[in-house]
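Here is a short briefing for a reader new to this structure. Look at the fold as a whole, then follow the topics below.

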Amino acid sequence: MKLFRGSSDSAAQGHASARGSNRLTRRSSSLGQLVKTLDSEETLCILDLGSTSPANIRYCTERGHKIYSDDLLLSSTDPSLAIKDENGKPVLDSKRFLEENLVFQSALFDVVFCWNLADYLDESLVKPVVGRLWSLLKPGGTLLAFFHTQEAGPDAPCYRYHIVGADTLEMQLIDTRGESRKGAHGGAGHNFRLQRVFNNRNIENLFRDFANIKFFLARDNVREVLVVR
């Protein structure tokens, strides 16, 4: 859990380095709409669910906002979370996971960047995490999430998203192979694999406690969603 309240030389240098690396770029209609909120003169509190992104820090802090980052996907690979349910099926300990992650006061955030987390997170953690995010958002707060369509395929790569424009993202492939940390099932670092595909009804059910949901269908087999608490 990290908080960033203003831009710094190191963040700017990291941003420049990221820009120089080999990444894909995509347009995002949902981000384009959410930017209207980010351009508000009011100071917002933002949660970015992923590894620290100098680009996202810079984009938000230059507008006077506070931004926290929390890499839930990486945290979910902690091998000590692996348990078995009452039927002997391997699952992750969602209670312990939430005791150690997303530890913020209720109704703190105006915006949550969930990105593609739900598609790659272990099944046993998805609903508990969404429930916690509901409690962390302020009433009227907005969550942005991406979901793959059926056409994406099980080998769809997992990306970290970096905001580089009002409706533009850079996509950085997430690859933990070669890291010393081991995965939750005992394997070495790996590419995160697509765990499931949500259709529109699945997505609506996942966010059923939220007040409103809006879908955007992108050209790269991804549904973009803006959800309002």
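Leaving aside its neighbours within four places in sequence, which residues is Thr149 in contact with? They are Val197, Leu217, Asn221, Val222 and Arg223, where contact means heavy atoms within 4.5 Å. This is a predicted model, in which local features need pLDDT of at least 70, side-chain atom pairs count only at pLDDT 80 or more, and totals for chains, interfaces and linings use all residues. Residues are numbered from 1 along each chain as its sequence is written, and side-chain values use heavy atoms, with hydrogens and water left out.

**The chain overall**

- The protein chain has eight helices and 12 strands. Helices (H or I, at least four residues) and strands (E, at least two) are DSSP runs, numbered from the N terminus.
- Of the 229 residues in the protein chain, 46% are buried. Buried means under 20% relative accessible area, exposed means over 50%, and partly exposed lies in between (1.4 Å probe, protein chains only).
- Take the contacts in the protein chain between residues at least 6 apart in sequence: 71% of them join residues at least 24 apart.
- The protein chain exposes about 11500 Å², and carbon and sulfur atoms supply 45% of that area. Accessible areas come from the Shrake-Rupley method with a 1.4 Å probe; for residues, only the protein chains shown count as cover.

- Helix α3 (residues 54-61) is mostly covered, with six of its eight residues buried. Those buried in α3 are Ala55, Asn56, Ile57, Tyr59, Cys60 and Thr61.
- In helix α2 (residues 29-38), the buried residues are Ser30, Leu31, Leu34, Val35 and Leu38. Seen down the axis of α2, these buried residues fall within an arc of 140°, so they line one face of the helix. The arc is that of the directions from the helix axis to the C-beta atoms.
- Ser29 and Lys36 are exposed on the other side of α2.
- An α-helix has 3.6 residues a turn, so residues three or four places apart point the same way.

**Pocket and cavities**

- Rolling a probe the size of a water molecule over the atoms shows where empty space is left.
- The search runs on a 1 Å grid over the protein atoms alone. A cavity is a set of points where a 1.4 Å probe fits but cannot get out. A pocket is an open set with protein on both sides within 12 Å along at least five of seven lines. Lining residues have an atom within 4 Å of a point.
- Grid points are joined across faces, edges and corners, and a volume is the space filled by probe spheres set on the points.
- The largest pocket holds about 340 Å³ of space. Its lining has 22 residues, and Ser51, Asp71, Arg160, Ile174 and Phe192 lie nearest the centre of the pocket. Two or more lining residues come from each of α4 (72-75), β7 (109-115), β9 (159-165) and β10 (168-173).
- The lining of the largest pocket divides into 13 nonpolar, five polar and four charged residues. Ala, Val, Leu, Ile, Met, Phe, Trp, Tyr, Cys and Pro count as nonpolar, Asp, Glu, Lys and Arg as charged, and the others, Gly among them, as polar.
- There are two cavities of 30 Å³ or more. The second largest cavity holds about 40 Å³.
- Cys114, Leu117, Ala118, Leu121, Val126, Val129 and Val130 line the second largest cavity. By class, that lining has seven nonpolar, no polar and no charged residues.
- α6 (117-120) and α7 (123-136) each give at least two residues to the lining of the second largest cavity. The largest share, three residues, is from α7.

**Single residues**

- Thr149 sits in the loop between β8 (137-148) and β9. Thr149 is buried, with a relative accessible area of 6%.
- Leu102 is not a glycine, yet has a positive phi of about 55°. Leu102 is in the loop between α5 (94-100) and β7, and is buried at 1% relative accessibility.
- Trp115, in strand β7, also has a positive phi, near 55°. Trp115 is buried at 2% relative accessibility.
- Lys214 belongs to strand β11 and is partly exposed at 39% relative accessibility. The C-alpha atoms of Lys214 and Ser30 are separated by 8.8 Å, although the two residues are 184 residues apart along the chain.
- Arg208 lies in the loop between α8 (200-206) and β11 (212-217). Arg208 is exposed, with a relative accessible area of 62%.
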